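User: Can you walk me through this one? I'm new to reading structures.

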Amino acid sequence: MWPVRETEELKKKSDAYDHKTQAQLAGRMVQLTTTAIACILGCAAASVSSLAAAFQLSLAPSAVRRPTRGSSRGPNSILASTAAPIVVDSDFKSESAKKQIGNDSFLNKDLMARATNGPGRVNSSRLKIGIVGAGLAGLVAAMDLADAGHDVEMFELRPYVGGKVSSWLDKDGNHIEMGLHVFFGCYYNLFGIMKRTGSFDTELRIKDHVHTFVNEGGTLGSLDFRFPIGAPVSGLQAFARTEQLGIEDKLHNALRLGTSPIVRALFDFDGGMDMVRDLDDITFTEWFTQLGGSRGSLDRMWDPIAYALGFVDCDHISARCMLTIFMLFAIRTEASVLRMLEGSPQTCLHDPILKYLDNRGVKITTSTGCRELVYDTDANGRPTRVTGIKVGPKEELREFDAVVCALDVPGIKKVLPQSFRDNFPMFDNIYNLDTVPIATVQVRFDGWVTEMNSDARMMDVSGDQSDGRGGGIDNLLYSADAEFSCFADLAVTSPGDYYKAGEGSLIQAVFDERAFARSEKQIVQDCIDQLHRLFPSSRKLNCTWSNVVKLGQSLYREKPGQDKYRPKQATPVSNFFLAGSYTYQDYLDSMEGATRSGLMVADEIIARADGPEGLKALSERANAAKKDVVAAAESGGRKLKIPFFASA
């Protein structure tokens with residue numbers, strides 16, 4: 001097996017590290033990767049099985065030895081790593097929730113069926129459940145909990161649902177969006193939810209299997225995954241043939257990726273994934289440049305991808321974050337296939353979910369945030385259970401058998417009581433999570449910005465050009481030469497709500513913290529100027545409308561060392577649960593991550609609902625005890641004072 005640690009700091013932590021072993025391994029993997037790429041470039045026929053045999057031969061037991069720490073997996077652990085949090089089986093009551101974590105969850109297509117079919121059981125005890133936050137995680141949790149027979153009520157601070165995936169109409173009928181949302185082919189849980197609501201087949205538009213980079217002056221580079229043989233060969237040839245890098249940088253890429261956990265994962269996924277988990281304490285740049293990766297590769301290709309994933313560059317993003325995605329691309333052909341919505345998130349994603357929830361009696365109250373958590377404590381002042389929440393400007397008290405906070409990082413930080421932090425490290429750890437600011441810019445033009453083959457076509461907005469018939473590139477775009485690393489022409493990619501007759505492109509671009517502090521007017525102008533540099537012919541076009549949405553605290557910052565601070569969905573407070581893409585699951589802060597967390601928190605509540613020690617029984621006993629206190633106080637003529645009760 002391979003050594004786990006790859007930086008000087010991490011090497012010191014591993015008793016099994018061996019310099020000679022790693023040097024031998026690096027040499028063999030560089031030879032193998034270079035040979036594989038050469039074969040692909042020469043169009044030589046090669047089968048996956050023959051490549052597997054070659055790699056397995058190079059990893060003979062005599063060449064390496066198993067590390068003594070970091071990759072062992074005992075019967076009571078799903079993950080075991082000194083860099084990542086150790087999650088033991090006893091932390092999860094639900095077998096279904098357990099399937100969402102650990103190495104197997106990445107390749108488990110059966111998760112789509114689980115999300116499609118629902119929880120598969122109805123509890124005998126009917127809980128009254130309050131969900132704070134109507135983002136994607138909260139909406140998904142509500143679907144499962146309603147299907148399991150519970151009464152669910154949701155409270156959302158904003159006047160619309162969706163959280164970081166929200167969209168809404170302005171006064172002029174323009175669809176405004178918070179972020180640019182792309183659906184990777186490995187979003188098995190989210191696709192299952194869309195199948196369940198009937199939106200998968202009608203509301204997603206699949207794109208060509210190409211990731212396109214637009215460079216200054218209008219030159220294009222790409223990672224073209226279209227190939228007769230699927231992963232990993234399709235990925236190897238995409239990197240070998242990309243126009244985005246020169247020959248020297250391609251060689252550096254081959255050297256580094258050839259010695260990466262990705263190669264091992266092709267034939268030992270558990271081993272490769274364990275290695276990736278152990279790289280959460282270093283940046284992608286630190287990992288990439290250790291054994292051959294070049295600065296040119298980082299600047300021209302990896303930085304735009306890093307910004308697209310987490311709005312931070314390779315010098316600051318965790319190696320675990322980047323390699324997790326590349327691992328999936330290498331193993332699953334469909335993982336790198338992109339889809340975009342037919343129209344806006346509200347129309348295509350949220351409205352079908354809202355209809356599903358309405359049919360099951362779920363009540364959603366918008367423009368009503370949670371002001372306080374109300375909770376019981378024990379004799380030592382330690383929180384034991386949440387009894388309700390105070391909502392809205394009048395702080396109306398609503399009591400529940402269980403409460404789910406399905407919020408983002410800044411939201412949960414505002415809601416958690418200080419006593420939760422003081423008594424439970426799990427809650428205090430959340431305050432170590434940082435966030436990134438973004439600005440989503442929409443600019444509409446009187447022609448097709450990304451159309452570079454014909455000026456006449458670029459200027460032509462006549463007739464009906466709906467259903468993606470507009471000019472230009474129908475796909476997500478990356479750039480190393482703009483402050484928005486990913487962007488798209490929504491009038492072409494998602495025409496259902498974004499195409500307007502007689503108008504052209506609606507470019508949606510996401511600026512990161514490099515531009516966030518500027519005025520909205522300046523950001524719009526910078527966006528237009530940078531588009532003109534990428535597409536010189538677009539200087540002939542005029543901007544007819546623009547909009548900027550700033551989100552000061554967006555995704556949690558995927559910097560090194562953050563994974564260990566992410567909380568589980570079930571908490572030490574018996575009937576209090578967390579959901580959101582920042583909570584612990586193996587995906588990033590993404591739509592799929594939010595969906596997973598929503599399914600997991602619902603599974604945990606469903607698993608805990610019934611029985612003499614279930615959530616319903618605990619709620620009934622607590623309420624009975626309070627009634628006894630009230631009765632005793634009234635019979636004794638004393639002023640009522642209920643012990644062990646507090647609010648946030």
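Analyst: Start with a term: axes are lines fitted to C-alpha atoms, for helices over the stretch in contact, and angles run from 0 to 180 degrees between N-to-C directions. This is a predicted model, where local features need pLDDT of at least 70, side-chain atom pairs count only at pLDDT 80 or more, and totals for chains, interfaces and linings use all residues. Residues are numbered from 1 along each chain as its sequence is written, and side-chain values use heavy atoms, with hydrogens and water left out.

User: ok, so how do H11 and H15 cross?

Analyst: The axes of helix H11 (residues 247-257) and helix H15 (residues 295-310) come within 9 Å and cross at roughly 85°. H11 and H15 are therefore roughly perpendicular to each other; angles under 35 degrees count as roughly parallel, over 145 as roughly antiparallel, 65 to 115 as roughly perpendicular and the rest as oblique. Helices (H or I, at least four residues) and strands (E, at least two) are DSSP runs, numbered from the N terminus.

User: Which residues meet there?

Analyst: Asp249, Asn253 and Leu257 in H11 meet Gly296, Ser297, Met301 and Trp302 in H15. Contact here means heavy atoms within 4.5 Å.

User: And what about H7 and H8?

Analyst: The axes of H7 (residues 136-147) and H8 (residues 188-197) come within 12 Å, crossing at roughly 55°. That is why H7 and H8 are oblique to each other. On the H7 side, Leu136, Val140, Met143, Asp144 and Asp147 touch Leu190, Ile193, Arg196 and Thr197 of H8.

User: Switching topic, how do S7 and S8 run?

Analyst: Strand S7 (residues 210-214) and strand S8 (residues 220-224) are antiparallel and joined by five bridges. Two strands pair if DSSP finds at least two bridges between them. Val210 of the pair is opposite Asp224 in S8. Five residues lie between the strands of this hairpin, where Gly217 has a positive phi near 90°.

User: What's the strand order in the open sheet?

Analyst: The order is S5-S9-S6, three strands with antiparallel pairing. Strands S5 (183-184) and S6 (204-206) are at the edges, each pairing on one side only. S6 pairs with S9 (residues 338-341) over three bridges, and Ile206 stands opposite Arg339 in S9.

User: Last one: what's the mean pLDDT?

Analyst: For the protein chain the mean is 85, with 84% of residues at 70 or more. pLDDT is the predictor's confidence in each residue, from 0 to 100. Over residues 1-90 the pLDDT stays under 50.
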